Amino acid sequence: MSMIIETLVRPNIKALKPYRAARHDHVSGVLLDANENSFGSALPSSGLELNRYPDPYQQKLRTNLAALYGVRTENMFLGVGSDEAIDLLIRIFCEPAADSILVVEPTYGMYRVAAGINNVEVQSVLLNWDFQIDVAAVTNAVNVKTKIIFCCSPNNPTANLLRRDDILTLCNQANAIVVVDEAYLDFADSPSLSDQVNAIPNLVILRTLSKAWGLAGIRLGCAIADPAVISLLLKIKSPYNINALTSAEALKALEHREKVKHTTASIIAERGRLAEALRFIPYIRKVFPSDANFLLVRFDDAPTVYSMLVQKGIIVRDRSSEPKLANCLRITVGTPEQNDLLIKTMKELTL
Ligand SMILES: Cc1ncc(COP(=O)(O)O)c(C=O)c1O
């Protein structure tokens, strides 16, 4: 374990003897070790042995996802969505009621909530007006209590990529874990930072199958990091966090990469078309550039537009109460038909 990880990890986690589940030891033979139902499952037609607990290390799926993201299996942790990885990282590195995480806001709200659940303080540094990291402000704010810095790139809800060099500077200068949440990277024309994880021990990348892969319903996300961090995640996760149905569906989905490439290209094309159309709507002040599958849009009066759209059955996200996002709505790029309806409806609103 590198020095930086060694010093950041909570002592109780370092000392923890993890639970050893039955399927850690044996996966074949006459399995009478886990109090499963030996007669089979209520759903025998699934073709999956659903009466058995799943592989705790998800070897096949981890190896396939590692290949997808161009890293080794030892660099890969699978969680029940990336949200699980966010929670576990906080639990590994942050002592409740003592340590803190740092978020660069406005950003994805779960970092703050996961910290709150774990009784971990949140330090907030605002993004600058270009929605980029103010590196000096972040490094000044980091103190001995700061154990994790969360950066989201492309950032939700501002939609832009953060500068790679700024993130690398933080990794270099801060004595903390730097988590880069790349949930929306598939929609951006930029390489992942995951190629750096074996060189930078305090860097953790999050990816998810919930966005470009269209699999939010199966709940599968990844943390990609130095094997020492991955070992800690595997050590504290619940033994069977990824269920057999999720694993089976994800493995099937990985055979459809061309389809995902195609739909991603369609979303990117629709994003451009939608952005262009919205620019001609008189009560819209700004459509921000997007590297994600959504647009951040500033209105004269966002809450009113939001309510009027809800009345028409179109639901977007009101982000106007976030810092620097006064009068901003976040709009997910839809299908061509959904986008046409949104554009038509917006044109017809009388404000
Ligand atoms: C930036 C970001 N990270 C993570 C997530 C959650 O991903 P998952 O579905 O993998 O838990 C979201 C969901 O909206 C998100 O916007």
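In helix α5 (residues 81–93), the buried residues are G81, S82, E84, A85, I86, D87, L88, L89, I90, I92 and F93. A residue is called buried if 20 or more other C-beta atoms lie within 10 Å of its own, exposed if 12 or fewer, and partly exposed in between, with C-beta atoms placed from the backbone. By this count α5 is mostly covered, with 11 of its 13 residues buried. Helices (H or I, at least four residues) and strands (E, at least two) are DSSP runs, numbered from the N terminus.

The model is a predicted one, in which local features need pLDDT of at least 70 and side-chain atom pairs count only at pLDDT 80 or more, while totals for chains, interfaces and linings use all residues. Residues are numbered from 1 along each chain as its sequence is written. The pLDDT, the predictor's confidence in each residue from 0 to 100, averages 97 over the chain, and 100% of the residues score at least 70.

The ligand is surrounded by G81, S82, D83, Y108, C152, N156, D181, A183, T208, S210, A216 and G221; a residue is near the ligand if its C-beta atom, placed from the backbone, lies within 6 Å of it. By class, the shell has six polar, four nonpolar and two charged residues. Here Ala, Val, Leu, Ile, Met, Phe, Trp, Tyr, Cys and Pro count as nonpolar, Asp, Glu, Lys and Arg as charged, and the others, Gly among them, as polar.

One of the shell residues, N156, takes part in a cis peptide bond: the bond from N156 to P157 has omega near 15°. P157 is found in the loop between β4 and α8. P154 has its place in the loop between β4 and α8 (164–173), and the peptide bond from S153 to P154 is likewise cis, with omega near -5°.

The loop between α5 and β2 holds A97 and D99. A97 has a positive phi, near 60°, in a residue other than glycine. With 9 C-beta neighbours inside 10 Å, A97 counts as exposed. D99, in contrast, is buried, with 22 other C-beta atoms within 10 Å. Leaving aside residues up to four places away in sequence, D99 touches C94, V120, K145 and K147, where contact requires that the C-beta atoms of two residues, placed from the backbone, lie within 7 Å. D99 and I200 are 101 residues apart in sequence and 22 Å apart in space, C-alpha to C-alpha.

Helix α6 (residues 110–117) has Y111, A114 and A115 buried. Seen down the axis of α6, these buried residues fall within an arc of 100°, so they line one face of the helix; the arc is that of the directions from the helix axis to the C-beta atoms. An α-helix has 3.6 residues a turn, so residues three or four places apart point the same way. The cover over the buried residues of α6 includes α5, β2 (100–105), β3 (121–126) and β4 (146–152). α6 is followed by N119, which lies in the loop between α6 and β3. Phi of N119 is near 55°, a positive value in a residue other than glycine. N119 is partly exposed, with 13 other C-beta atoms within 10 Å.

Helix α3 is the place of H24. H24 is partly exposed, with 14 other C-beta atoms within 10 Å. H24 and Y240 are 216 residues apart in sequence, and their C-alpha atoms are 9.9 Å apart in space.

At the level of the whole chain, there is a division into domain 1 (3–255) and domain 2 (258–348), with bounds that come from an automatic or database domain assignment. The C-alpha centres of domain 1 and domain 2 lie 29 Å apart. Between them, 19 residues of domain 1 are in contact with 20 residues of domain 2. On the side of domain 1 that touches domain 2, the residues divide into 12 nonpolar, four polar and three charged.
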